[in-house]
Each structure stands twice: as structure tokens, then as C-alpha cells.
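Here are my notes on the model you sent over.

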Amino acid sequence: MARVRLSVAERREELLRAAIEQIEVRGVSAVRIADVASALGVSNALVLYHFSTKEKLVAEAFAYAAEDDLAHLRGLLGRRTSALRRLRAAVRWYAPTGHAKGWRLWIEGWAVALRDPSLREVTRDLDKQWKAAITEVIAEGVAAGEFVCADPAGAALRLTALLDGLAVQLTSYPGAVPRSRAQTWADDALARELGLEREALTAPGR
């Protein structure tokens with residue numbers, strides 16, 4: 001059966017999605033152009049036509065995954081509801097117990113970024129944008145009198161550091177931390193940063 005002819009943009013997106021899947025399965029170091037091509041039933045030459053090297057393919061795949069996550073985050077934080085509800089939804093989605101990005105992909109990305117400037121820029125930009133978005137909503141909640149936080153930027157940094165660390169533990173060492181306990185710790189941290197009791201996160205009207 002003949003393949004559907006795709007536009008350049010559609011083909012690139014298809015290749016990027018396949019690259020992300022292969023990186024999650026094989027790891028950045030082991031993945032090859034041939035793996036991405038084989039997953040889609042296309043030639044190596046086609047992949048190289050759109051991304052001249054494996055390094056460029058990997059960097060753009062991570063950038064694509066980052067933008068996908070940021071779009072979802074903006075959707076959660078842009079809802080017409082209280083700042084507390086938006087923050088709770090974002091933290092629970094981002095936490096390793098939620099439905100955020102494949103954590104194996106990002107742990108791979110962080111490791112490779114230590115030696116790859118292009119990938120380091122992608123992961124750094126994602127990190128900055130995530131923290132900035134959380135900081136903004138915390139500041140909105142403070143201004144609205146929903147909770148108290150003297151340092152929204154610091155709170156955003158501490159929350160993301162905790163969630164990233166828990167993600168490494170749960171992904172790298174399955175069973176080391178029960179998911180229910182990790183979720184409790186994430187809720188505790190959010191409540192603490194906002195000067196609330198944990199029960200307040202789910203209280204009616206919040």
C-alpha cells in the first residue's frame with residue numbers, strides 16, 4: 001500500500017515523534033538514524049534530508065518534546081479558575097506520578113546535555129519557561145490573597161527541583177519510592193511553599 005504523501009512540515013513532525021520514541025526505548029547514545037527510519041518504514045536518506053546529522057535530529061526532537069510539554073503546561077495554568085487549582089493541576093501533571101512527559105526521555109536529555117551544548121540549550125530553556133510560568137501563577141495567587149509566599153521564584157525552583165529529583169528516583173530505581181508517597185511529598189511541598197495545610201489543596205471552594 002502506497003504511503004500518503006506528506007508535506008515537509010508533516011514529515012518533519014512524523015520523524016521527530018519517531019525519534020522521541022526511539023530515544024525513550026534505546027537511549028540517546030544508542031539510537032541511530034536507521035532506527036528512526038525503520039520505525040517509519042522510510043529510508044535513512046529521507047531522515048538525513050530533513051536532519052543532516054543524528055545530533056541535529058536529537059536536538060530538534062527534544063525541542064519538539066519540550067514545546068509539547070510547555071503547551072500543555074500553559075493550558076493548565078491558563079484555565080479560568082483559582083491560582084491554587086491551577087498550581088495543583090500543574091504540579092500533579094508534572095510530578096512523576098502524573099501524566100507528564102516520558103521521564104526516561106528527559107533524564108536521558110539531562111545526561112547528554114552535560115556534553116552537548118545544543119541539547120543543553122533546549123533543556124535549559126524548558127527549565128526556565130517552566131519555572132517562570134509557575135512563578136507567575138504563584139505571584140497571582142499571592143496578589144489575590146489566596147495564599148502567602150514571600151519568594152515565588154524561589155518556591156518555583158524548589159518545587160521543580162523536588163519533582164525532578166523524584167522523577168529520577170522513580171524512573172531509575174523502580175520501587176525505591178512508592179508512587180503514593182511521592183505524590184504525598186509533592187502535595188506537602190506545594191502546601192508548604194504556599195503557607196497552607198495540605199488538606200487545603202483539595203478543600204471545597206479552593
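Which helix holds both Arg-17 and Glu-13, and how many residues apart are they?

1. Both sit in helix α1, four residues apart, or about one turn of the helix.

2. A word on the ground rules. This is a predicted model, where local features need pLDDT of at least 70 and side-chain atom pairs count only at pLDDT 80 or more, while totals for chains, interfaces and linings use all residues. Residues are numbered from 1 along each chain as its sequence is written, and side-chain values use heavy atoms, with hydrogens and water left out.

3. The structure holds twelve salt bridges. Among them, Glu-121 pairs with Arg-124, with the closest N and O atoms 3.1 Å apart. Those two are about one helical turn apart because they are three residues apart in helix α7. Arg-74 and Glu-67 also pair up, at 3.0 Å, N to O. Arg-26, Arg-32 and Asp-35 are linked in a network of salt bridges.

4. Have a look at helix α4 (residues 54-77). Its 24 residues should span 34 Å at 1.5 Å a residue, and its end C-alpha atoms are 35 Å apart, which agrees. (The expected span is 1.5 Å times one less than the number of residues.) Its buried residues include Leu-57, Phe-62, Asp-69 and Leu-77. The buried residues of α4 pack against helices including α1 (8-26), α5 (83-94) and α7 (117-143).

5. What about Trp-185? Trp-185 lies in helix α9 (residues 179-193). Because its relative accessibility is 38%, Trp-185 counts as partly exposed. Leaving out residues up to four places away in sequence, Trp-185 touches Leu-162, Leu-166 and Val-177, where contact means heavy atoms within 4.5 Å. From Ala-45, Trp-185 is 140 residues away in sequence and 48 Å away in space, C-alpha to C-alpha.

Conventions:
Buried < 20%, exposed > 50% of the residue type's maximum accessible area, 1.4 Å probe, protein only. Salt bridge = Lys/Arg side-chain N within 4 Å of Asp/Glu carboxyl O.
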